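Reader: I've got the model open and would like to learn how to read it. Could you walk me through it, one feature at a time?

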Amino acid sequence: MKVVLFCGGYGMRMRSGAADDVPKPMAMVGPRPLIWHVMRYYAHFGHTEFILCLGYGAHHIKDFFLNYEETTSNDFVLRGGRTELLSTDISDWTITFAQTGIESPIGERLRRVRHHLDGDEMFLANYADVLTDAPLPEMIDRFAARDAGASMMVVPPQSSFHCVELGEDGLVGGITAVSELPLWENGGYFVLRQEVFDHIPENGDLVADGCAQLAKRGRLVAHQHRGFWKPTDTVKERAALDAAYARGERPWAVWERGNAGVSA
């Protein structure tokens with residue numbers, strides 16, 4: 001199944017300065033950028049055909065893959081001055097690099113790569129900046145068995161803030177952590193059918209337009225995930241993931257399970 005990755009946004013909250021034009025999916029977690037971790041997740045489950053929706057800072061993503069160093073994350077033997085890899089990351093991947101505009105919203109980026117999907121009934125999509133250990137095969141199977149146009153993974157609210165209940169007299173009736181409220185938020189992992197294109201107008205958005213219209217028609221389903229899920233919207237969040245990687249705490253690295261001793 002093809003995987004569409006949206007990786008053309010500015011990522012302003014991740015930028016360290018005015019001259020920093022690196023798109024958010026290229027922020028580093030360990031020795032590899034976020035987008036690599038997301039792609040390894042999908043590849044682990046057998047989905048190795050990727051369509052990258054490029055935009056801002058596209059040359060960084062192109063250069064990374066055009067000059068990919070397998071030795072960074074794979075064991076190898078140096079023999080007679082030549083490198084012999086003991087394993088590889090991306091040798092079986094097919095990656096389409098598609099420029100989808102600098103200012104294009106997510107929905108428009110998806111519209112512009114539709115012809116690369118070859119009319120496939122179902123395909124996957126992702127923001128390329130969120131890591132999870134969600135069971136992808138289960139997510140796909142549940143959706144495949146449903147008569148729906150789209151599925152989105154939803155997760156409990158991640159905010160550490162508290163909501164305050166106020167009475168008319170200004171007295172506080174209760175305080176509840178946002179994470180404990182009966183709410184769910186978009187987790188950024190989608191399983192889609194071609195039907196979604198019927199509801200995304202020119203320069204439209206995948207969620208606000210496409211998914212919202214499908215929801216109104218009763219054709220949007222949710223996959224609830226309470227396991228590991230971490231966004232990287234800020235420098236602090238990216239740094240936390242990088243520190244976890246250094247400690248060996250990488251629950252999103254599902255490709256490492258059962259392969260002790262193999263670096264990621």
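Reader: How much space lies in the largest pocket?

Author: A pocket is an open set of points on a 1 Å grid over the protein atoms alone, where a 1.4 Å probe fits, with protein on both sides within 12 Å along at least five of seven lines. Its volume is the space filled by probe spheres set on the points, which are joined across faces, edges and corners. Here that comes to about 840 Å³. Keep in mind that this is a predicted model: local features need pLDDT of at least 70, side-chain atom pairs count only at pLDDT 80 or more, and totals for chains, interfaces and linings use all residues. Residues are numbered from 1 along each chain as its sequence is written, and side-chain values use heavy atoms, leaving out hydrogens and water.

Reader: Which residues lie nearest the centre of that pocket?

Author: Lining residues have an atom within 4 Å of a point. There are 39 of them, and Lys24, Asp129, Pro231, Asp233 and Glu237 lie nearest the centre. Helices (H or I, at least four residues) and strands (E, at least two) are DSSP runs, numbered from the N terminus. Helix H6 (235-247) is one of the elements that supply at least two lining residues, and H6 gives the largest share, 5 residues.

Reader: Is strand S1 enclosed or open, and why?

Author: Buried means under 20% relative accessible area, exposed over 50%, and partly exposed in between (1.4 Å probe, protein chains only). For S1 (3-7), 5 of the 5 residues are buried, so the strand is largely enclosed by the rest of the structure. Val3, Leu5 and Cys7 are on one side, with Val4 and Phe6 on the other.

Reader: Which strands does S1 run parallel to?

Author: Two strands pair if DSSP finds at least two bridges between them. S1 is joined by 5 bridges to S4 (residues 49-54), in parallel, and by 3 to S8 (residues 122-126), also parallel. In these pairings, valine 4 stands opposite isoleucine 51 of S4, while leucine 5 has asparagine 126 of S8 as its bridge partner.

Reader: Which residues of helix H5 are buried?

Author: An α-helix has 3.6 residues a turn, so residues three or four places apart point the same way. In H5 (residues 206-216), Leu206, Gly210, Cys211 and Leu214 are buried. They fall within an arc of 80° seen down the axis (taking directions from the helix axis to the C-beta atoms), so they line one face. Ala208 and Lys216 are exposed on the face turned away.
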